[in-house]
Amino acid sequence: MFARISGTGHFLPSQILTNAELEQRVDTSDSWIRERTGIQNRHIAGPDESVVTMATAAAKEAIQAAGIAAQDLDLIVLATTSADRAFPSAACEVQHALGITDTPAFDVAAACSGFIFALSVAEKYIVSGAAKHVLVVGSDTLSRMCRPDDRNTIVLFGDGAGAAVLSAANEPGILSTHIYSAGEFASLLGADHPSRDDSALQQEAWLYMRGREVFKVAVEKLASLVEDTLSHHQMSAAELDWLIPHQANFRIIQATAKKLGLPLEQVVMTLAETGNTSAASVPIALDWAIRDGRIQRGQTLLLEAFGGGFAWGSALIRY
Ligand code: ACO
């Protein structure tokens, strides 16, 4: 038995935060942000939007694209690190919002790499025969975790959700997934759970990041990740149709594409419009390029992500 992507979807909040608006809030400039990151806009969740509402909207699109009903799902795996509640899991709330019950649903926490980790779990359930249709979602509101006056972080993050339905198939779809974690880097990137103590909430619960160091490790790990993924299949980058990277920073994406020798025309990039949407970043980019017709059935895709943990991973896919 194989697992293939049968449908995808995404959701971005309508409220947009531009570089020009950020110039009014903190000591930064449009040119600094564009040159260092490649980001121009980010979508910001409004008061009525959350990890759950965004995930539900993306999930509905993916379920429709897969040509199934929510009742057909055997499992829901949702990647997030910014849900409003510790429990019930966001996945349980999405299950309820989809109007179904009993379907097992749980969250996966792997920060920006969450979707790849969730995909690797879903794939195993299908390949083992334990599930026929699995909903995989990445949804995050990291803009809410950034201290409003911290120019190091607020320029980077936006909110959104992306989803895919994996279905059992006779032909290979997900060719392989590869996931890694290295907890020793926790001090470089993270966000603490808000405490009941308000002073701690104000002082400690914001997202912290040592950007230059994160950048360096990300480039290094992603370079060996993409090489290892291809060599696992004795494939060359010339056989790839699309690279769908985590949308954190244009320069990180550029370095990974260069390592592969892949022209930027074959790299799906949404980051100018979305910023870094954490676990939602890869599935948003995937769905975006499927819906605009760039990604076609039968093509070979390399998905990769790197983020807090550190946690990083890839998926090689015949779409
Ligand atoms: N506007 C203007 N100046 C800024 C801003 C800003 N928004 N942010 C930082 N600066 C300043 C710094 O204070 C520093 O000033 P100094 O030289 O006086 O100390 C200067 O710009 C250069 O800072 P660096 O950190 O060296 O800039 P760099 O070129 O590394 O770019 C960035 C910073 C964009 C954060 C980059 O390091 C990066 O993208 N790192 C990866 C982090 C990341 O993507 N994290 C997301 C989660 S992990 C992931 O998804 C990969």
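Of the 319 residues of the protein chain, 50% count as buried, where buried means that 20 or more other C-beta atoms, placed from the backbone, lie within 10 Å of a residue's own. The structure is a predicted model, in which local features need pLDDT of at least 70 and side-chain atom pairs count only at pLDDT 80 or more, while totals for chains, interfaces and linings use all residues. Residues are numbered from 1 along each chain as its sequence is written.

The overall shape comes next. A compact globule of 319 residues would have a radius of gyration near 20 Å, and the 18 Å of the protein chain agrees with this; the radius is taken over C-alpha atoms, and the rule is 2.2 Å times the number of residues to the power 0.38. Along the principal axes, the C-alpha atoms fill a box of roughly 55 × 45 × 35 Å. The chain has 11 helices and 13 strands, which are DSSP runs numbered from the N terminus (helices: H or I, at least four residues; strands: E, at least two). Among contacts with a separation of 6 or more, 79% join residues 24 or more positions apart, a contact being a pair whose C-beta atoms, placed from the backbone, lie within 7 Å.

The UniProt annotation "active site", from an unreviewed entry, covers Cys112, His246 and Asn276; such annotations may be inferred rather than shown by experiment, and their positions follow the numbering used here, with feature names shortened. These residues span 165 residues in sequence, yet no two of their C-alpha atoms are more than 8.4 Å apart, so they gather at one spot.

Cys112 is found in the loop between β5 (105-108) and α5 (114-127). Cys112 counts as buried because 32 other C-beta atoms lie within 10 Å. Beyond its neighbours within four places in sequence, the contacts of Cys112 include His246, Asn276, Phe306 and Gly307.

Asn276 sits in the loop between α10 (271-274) and α11 (281-291). Asn276 is buried too, with 24 other C-beta atoms within 10 Å. Leaving out residues up to four places away in sequence, Asn276 touches Cys112, Leu156 and Gln247, among others.

The ligand is surrounded by 24 residues, of which Thr28, Gly211, Phe215, Ala248 and Asn249 are the closest; a residue belongs to this shell if its C-beta atom, placed from the backbone, lies within 6 Å of the ligand. Two or more shell residues come from each of α2 (30-37), α6 (151-154), α8 (211-232) and β12 (300-307), and α8 gives the most, with five residues. The shell divides into 13 nonpolar, eight polar and three charged residues, with Ala, Val, Leu, Ile, Met, Phe, Trp, Tyr, Cys and Pro counted as nonpolar, Asp, Glu, Lys and Arg as charged, and the others, Gly among them, as polar.

Note on methods. A residue is buried if 20 or more other C-beta atoms lie within 10 Å of its own, exposed if 12 or fewer, and partly exposed in between; C-beta atoms are placed from the backbone. Two residues are in contact if their C-beta atoms, placed from the backbone, lie within 7 Å.
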